[in-house]
Every structure is written in structure tokens, then in C-alpha cells.
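Grab a pencil and work through these exercises with the model open beside you. Each task comes with a solution that goes step by step.

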Amino acid sequence: MVNKAHISTEDLNLWFGENHVLKDVNFPVYDKKVTAMIGPSGCGKSTLLRCFNRMNDLIPETKIKGKVLLNGNNIYAPKTDITEVRTKVGMVFQKPNPFPKSVFKNVAFGLSVRGEKKNKIDEIVEKSLRNAWLWDEVKDRLNSSAFSLSGGQQQRLCIARALANDPDIILLDEPTSALDPQSTAKIEELCLELKKQVTILIVTHNIAQAGRISDYTAFMYLGEMVEFDETQRMFTIPKDKRTEAYLSGVFG
Amino acid sequence: MNRRKIFEFTGVNLLRFFILITGIFLLVFLYVIFSRGGKVVSWEFLTQAPRKYMTEGGIYPAIVGTFWLTVISMLLALPLGIFTAIFLTSYAKPAWLVRIVRVAINTLAGVPSIIYGLFGLTVFVRIFHFDVSILSGSLTLGVLALPVIINASEEALRSVPRDFREASLALGATERQTILRILLPTALPNILTGTIISIGRVAGETAPILFTAATFYTRMLPSSVMDEVMALPYHIYALLTEGSHAEKQVPIAYGTAVVLMAMVLIISALAIVIRYNIRKKRKW
Ligand SMILES: Nc1ncnc2c1ncn2[C@@H]1O[C@H](COP(=O)(O)OP(=O)(O)O)[C@@H](O)[C@H]1O
Ligand SMILES: [Mg+2]
């Protein structure tokens, strides 16, 4: 079976000033699958992830060469509408970062900046909260501050906030590293549920987590995409020595 | 006792001593002002115009004048100051321009207030032909308050966690929407707290309004921003330097000082209440 790549890179190179952070990365993220990115800290996972929604644009002195194709279109082409890219490619950050607003307004944010109608917003907010498995916990306090939620709830709120934009793909950058085991388990299950409707690309420092939830895994090392394969296959018979070393815990 | 303990002992007590001195100084200061001015302040004093060459009656026109000068100068300076701070913190911009703006702001902040008065006289009164008026005075006071407002706003904007900005942009908001919907609302309470402190300064300044807005004596209340007005700090100055009935004028000057200080204290208290409420509500 040939999987359609939703988003992929072609010879992607990135520099922060003189620092060559991503080196000739070629990497497919398949449609409606969970893809995990693993690798030692500092190898460029977050940087690669942030190439997919052009968040690296915010960092001065960034230079990018190569392509990132979203549904076949290079998002680094000059005429690209960046806000549209970021609507189609949602992002969830390492530390839960809800806005200092109510639960409702957090989820409605993406819709309201695009001028969506009030009754439509109500509908989508509820649907997104349901899809993020948060609705039952917050339906009676939609107008409370998002900060009144627990850490795990806040992270699911951030997922709901991203879902409200009806994205094609969601990027998650170590979304459970700040959470307790129970909240982590819930988010992992949620990812498995969500992949029915949306493509998921998740960075994780936790090899076991990649094994539990991902269909594909990409191993990065010092800015290179060392190996990309089906998770099962990579975890049983890694092709590269470095992958094998990492998976057996040689470098943390 | 070893040397370190002696050192610590004297250090702590020296500190207490200085705090005590400061406290005493403040008490003496308040006592001098309030003991002389307190008994002058009455309902009549607050609500009536001066009479008989300022030797009788109240200071109502000066209260009204200071009120309008302060409010209008803030209405002018606040948007401009916040806008400048947004420019300095958010938008991508050439570094040399930011440096120039910063140098300009710091220079403005260090200029003595009498120079603002001269500037206002030349620019607003003469060149723009606003004459001696509330408008000229408010503009001058606004320029005076600008550096403080810009610095307070910039600090408030910078203290908004970067996460909020990234989250907003990642949801497809534009830079402008991010500023208007996330950065400003989050920073606004702190901007206002910083600004309220500058209100105290604006309300109490004499030199900037000396040539631009203040008049020595009028029984009339202003009917438009083009009228000249009495103002509390200038009234004190006038009472002490003009006229020939010092024994009647000096108590009125102290009374005026009490009113001015009360106004500034009330405003500062307001700032503290606002800050307290924000702290209670926010927890990131
Ligand atoms: N904002 C930045 N400015 C400059 N260099 C950065 C920035 N963010 C990350 N880097 C550099 O890019 C490299 C990769 O970092 P990152 O993508 O965060 O790694 P990972 O997520 O795999 O831990 C590191 O060498 C880091 O120092
Ligand atoms: Mg990272």
C-alpha cells in the first residue's frame, strides 16, 4: 500500500546564523497516521517541526533552503499566505500555553480572528472540545479562566484550540513532557483517536511513547534525518548503527 | 561575638536607622503640610472660586483646571505612548531606527520640566497658535509624560509571555491581530498601572503649564479646550509670589497643597488597587 504524503520536505536545510541546524532533510509525513520524531536533545527536532508551520520565520537570522510541500505546494514559495498555512497546520507546544482568557475564548480564537459567525463558533467550539475529550470536564465552566484547568486539561484545551481550525495536520512538540503519567496516557490515547481525522506529527523524548502511539518513526541525529521507517520495523531491526545505539539507550 | 556577627549587627541596625530617618522625614513633611493646610480645606474651599484677590474663597477653578489638563494630556499621550511601545517591542524593524527612538525617549525623560514649558510655548502656543490654553498645556504635559508611558508600556508588553504570541501566530492570527487581541489585553492592566503613576507627576507639574495653560486668576470655569485655566500647582506658586496679603494667602497655599496631594494619593492608591486585582487574577 502506498501512503499519500500529506506534508514532506525536499532537501531541507536550515541555518540559525552560522549554525547549520538541519542538513538535507527528506522526510514524508503520511496522511492520517501518527509519525514520531525522536533523537537526542538539540538534534533539531523542534526546529524541523517548526519548519512545517513556518514558526522559524520568527527567529531572526534564519536561513532556509529546500522545500516543504503541503498537499503538493511549497509553503516556502514567495506568494504563500503564511496565516493560511498555519491554519491548516496546527501546533501544540511543549508547555501548555492557553491564553489568559476563558476556556471558550481560547478555543474560539482561531475562528474569531477569521471572522467566523457567532453561532458557527459555538458549534465548532463544542465539537472541538468533544474531539479533545474535554467537553464533559469543562462544559459547565466555559467562561472560567483557562488557567483554572489542570495541566493535562490545559494541554487538551490547546489541542482543542488547534482542532477548531479544522487543520489537515497537527504538530505536537513533546506535548506530554510537562505532564503527569495519567494526563500523558490520556493524550496518547487521544492521538490514536485523532488520527482518524487528522495527520499527526509528534516530537517525543520518550522512545516508549513513540513505540506506543506512532505508525512511523523518524530518527534524527545532529541535524540529519538518519532513518525513517515504520515504527515496528525500526524498533525491531534498525538499519543504522546510530539508530540502534539510540534505541538501546546509549545516548539519552 | 565574632567579626562577622558584629558586622551584620551594625549593618542591620544602620539600615533600621536610615529607614527610621526616612519615616520621620515623611511624617514631618506630612505634618507641616496638613497641619497648616488641613484646617483651610472645607466644602466651601473645594467648591467655590477665589475672592478678593485670592485672599478668600476656594480653589474650585484650579481643581477643575488640573483635572482637565491631566485627563486631556493622558488621552493624548496614552495612545501615542502605547503605539510607540508596540513599535519598539513587536514589529520587525531596522535596528538603527529603534536605537534612535530609544535615544530620543531617554533624552526626553531627562529634560528639566521648565524646558518642556519653553518647548510648549514655542511650538503649541506660538507656532500652532493654540495660545495659552488647556490644549497647549495638555499637549506639553503629554510630551512630558510620554517617556514614562512608553517605558511602562514597553515593560508591560515585554512581560507578556512569548508563548502567548507564538500560540496566537500558530493559530493563523496575523501579527496585528496578535497585538490587538493577545498582547495588548494581557499587558493593558500593567500599562495602566505604570501610567497612573505618571498622572501624579503630570497633575503636580508647574513649569510646563506656566507659559502654556495656566492663568493667575479667573473666576470662570473653562468652556472649551482653548480657554486658559487655573491649576493647583500654579495656584500655590501664585499665592506665594503675588499679592500683598501673605498672612491670608499662605494658609490657602497650604490648603491647595493638601488638595493636590490628596488627588495624587488617591490616584496612586487606585494604581495599587488595580495592580493588586491583577496579581490576584493572573497566575502564569
Ligand atoms: N531560537 C533559536 N535561535 C538560535 N538557535 C536555536 C534556536 N532554537 C534552537 N536553536 C539551535 O538549533 C539546534 C536544534 O535545536 P532544537 O530544534 O530545539 O533541538 P531539539 O528539539 O531536537 O532538542 C540547537 O543547536 C539549538 O541550539
Ligand atoms: Mg525540542
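What follows is a set of exercises on a sheet, a ligand site, an interface and a partner chain.

This is a predicted model, so local features need pLDDT of at least 70 and side-chain atom pairs count only at pLDDT 80 or more, while totals for chains, interfaces and linings use all residues. Residues are numbered from 1 along each chain as its sequence is written, chains are lettered from A and ligands numbered from 1 in the order written, and side-chain values use heavy atoms, with hydrogens and water left out.

**Exercise 1. Work out the strand order of the open four-stranded sheet in chain A, and find its edges.**

Step 1. Strands here are DSSP E runs of at least two residues, and helices are H or I runs of at least four, numbered from the N terminus. Two strands pair if DSSP finds at least two bridges between them.

Step 2. Start with β1(A) and β2(A): they run antiparallel and are joined by eight bridges. A:F16 has A:N19 as its bridge partner in β2(A). The hairpin leaves two residues between the strands, and A:G17 takes a positive phi near 60 degrees there.

Step 3. Now pair β1 (residues 5-16) with β4 (residues 62-70), both of chain A: again antiparallel, over eight bridges. In β4(A), A:I64 is the bridge partner of A:L14, and A:K67 is that of A:E10.

Step 4. Put together, the order is β2-β1-β4-β5 in chain A, with antiparallel pairing. β2 (19-30) and β5 (73-74) of chain A each have a single partner strand, so one side of each is left without a neighbour in the sheet.

**Exercise 2. Which residues are around ligand 1, and which backbone atoms lie by its oxygen atoms?**

Step 1. Count a residue as near if one of its heavy atoms lies within 4 Å. That gives A:F16, A:N19, A:V21, A:S41, A:G42, A:C43, A:G44, A:K45, A:S46, A:T47 and A:I59.

Step 2. Check the backbone. A polar backbone atom of A:G42 is 2.7 Å from a ligand 1 oxygen, one of A:K45 is 2.9 Å from a ligand 1 oxygen, and a backbone N or O of A:C43 is 3.3 Å from one.

**Exercise 3. Describe the interface of chain A and chain B.**

Step 1. With contact meaning heavy atoms within 4.5 Å, 25 residues of chain A touch 19 of chain B.

Step 2. The two chains bury about 1,900 Å² between them, 63% of it on carbon and sulfur atoms. Buried area is the accessible area (1.4 Å probe) lost on putting the parts together, summed over both.

Step 3. Look for salt bridges (a Lys or Arg side-chain nitrogen within 4 Å of an Asp or Glu carboxyl oxygen). The rule finds two across the interface. A:K95 forms a salt bridge with B:D163, with the closest N and O atoms 3.2 Å apart.

Step 4. Sort the chain A side by element: α2 (82-88), β6 (89-92), α3 (103-113) and α6 (151-163) each supply at least two residues. α3(A) gives the most, with four.

**Exercise 4. How many helices and strands does chain B have?**

Step 1. Chain B has eleven helices and two strands.

Step 2. Along the sequence they read α-α-β-β-α-α-α-α-α-α-α-α-α.

Definitions and conventions:
Polar contact = N/O pair within 3.5 Å; in protein donor to acceptor, adjacent residues only side chain to side chain.
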